[in-house]
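Open the model in your viewer and keep the selection tool ready. Each stop below says what to select and what is there.

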Amino acid sequence: MASDHRLGALKAFDDTKAGVKGLVDAGVTAVPAIFHHAPESLNDAPHHHDHQFAIPVIDLAGLATPFGRVSAVGAVKAAAETVGFFHVVNHGVPEAALSAMLAALRGFNEEPVDAKAPYHTRDDGRRVRYHSNFDLFQSPAANWRDTLYMEMAPEPPAPEEIPPACRTIAPEFAGLVQGLGSTLLGLLSEALGLRQGHLEEHTQCLRG
């Protein structure tokens, strides 16, 4: 349980609504104590091993053909069973959209504190939230990060709820990612021997 001194430091940090970016902009020269991880908490950290490991790469370019789809389903099944994750290429999300989304997020984070403050909240009921560490008051040590969370499913928030820097690209990018999500859920459904739309329609996996 956090001491009164630590709780006070956490609250003071949170009340600035400036996050880690605010500390950097203020010229901080030492990492504040609220970010210090106790040495004993690092004992269970994974140690580096010299394993040769390749992330499975799945090419989605051939999904329009029966052979290409069968091949992709087989590759997804193998990756999910053996590794648990995979990297997709030719996924249909344009590089321009990826770059525009990253630029928008960078633009938001570079804005003055006063411009970001209206979005700063720890109210999970709000669909757009900006803060540093969602578990700031629960975790033993804070992480050096700020987060802009936008709940885009099943429908994007109202435009006025989204920061101006992200207002145009975020809904577009979310739609592209949801389209890719639908494709991947279809492949996973088939890999499980189910109907293509099973995971999307019956488990509502795209709603999160």
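UniProt positions are given in the numbering used here, feature names are shortened, and annotations may be inferred rather than shown by experiment. This is a predicted model: local features need pLDDT of at least 70, side-chain atom pairs count only at pLDDT 80 or more, and totals for chains, interfaces and linings use all residues. Residues are numbered from 1 along each chain as its sequence is written, and side-chain values use heavy atoms, with hydrogens and water left out.

**The annotated span**

Select residues 55–157. An unreviewed UniProt entry places "domain: Non-haem dioxygenase N-terminal" there. The end C-alpha atoms of this span lie 35 Å apart. Helices (H or I, at least four residues) and strands (E, at least two) are DSSP runs, numbered from the N terminus.

**The cores**

A nonpolar core is a set of buried Ala, Val, Leu, Ile, Met, Phe, Trp, Tyr and Cys residues joined through side-chain atoms within 4.5 Å. Buried means under 20% relative accessible area, exposed over 50%, partly exposed in between (1.4 Å probe, protein chains only).

Select Leu60, Met101, Leu148, Met150, Cys166 and Leu187. These have the most contacts inside the largest nonpolar core, which has 29 residues. At least two core residues come from each of α3 (66–82), α4 (95–110), β3 (128–131), β4 (147–150) and α6 (169–191). Helix α6 gives the largest share, eight residues.

Zoom in on Leu187. Setting aside neighbours within four places in sequence, Leu187 is in contact (heavy atoms within 4.5 Å) with Leu60, Leu63, Arg69, Ala72, Val73 and Val76.

Next, select Leu10, Phe13, Leu23 and Leu136. They are among the eight residues of a second, separate core.

**The salt bridges**

A salt bridge is a side-chain nitrogen of Lys or Arg within 4 Å of a carboxyl oxygen of Asp or Glu. By this rule there are nine.

Select Arg122 and Asp14. Their side chains form a salt bridge, 2.9 Å from N to O. Arg122 sits in the loop between α5 (113–116) and β3, and Asp14 in helix α1 (residues 4–15), so the pair ties together parts 108 residues apart in sequence. Asp14 is buried, at 11%, while Arg122 is partly exposed, at 26%.

Move on to Glu110 and Lys21. The closest N and O atoms of this salt bridge are 3.4 Å apart. Glu110 is in helix α4 and Lys21 in helix α2 (residues 19–25), 89 residues apart.
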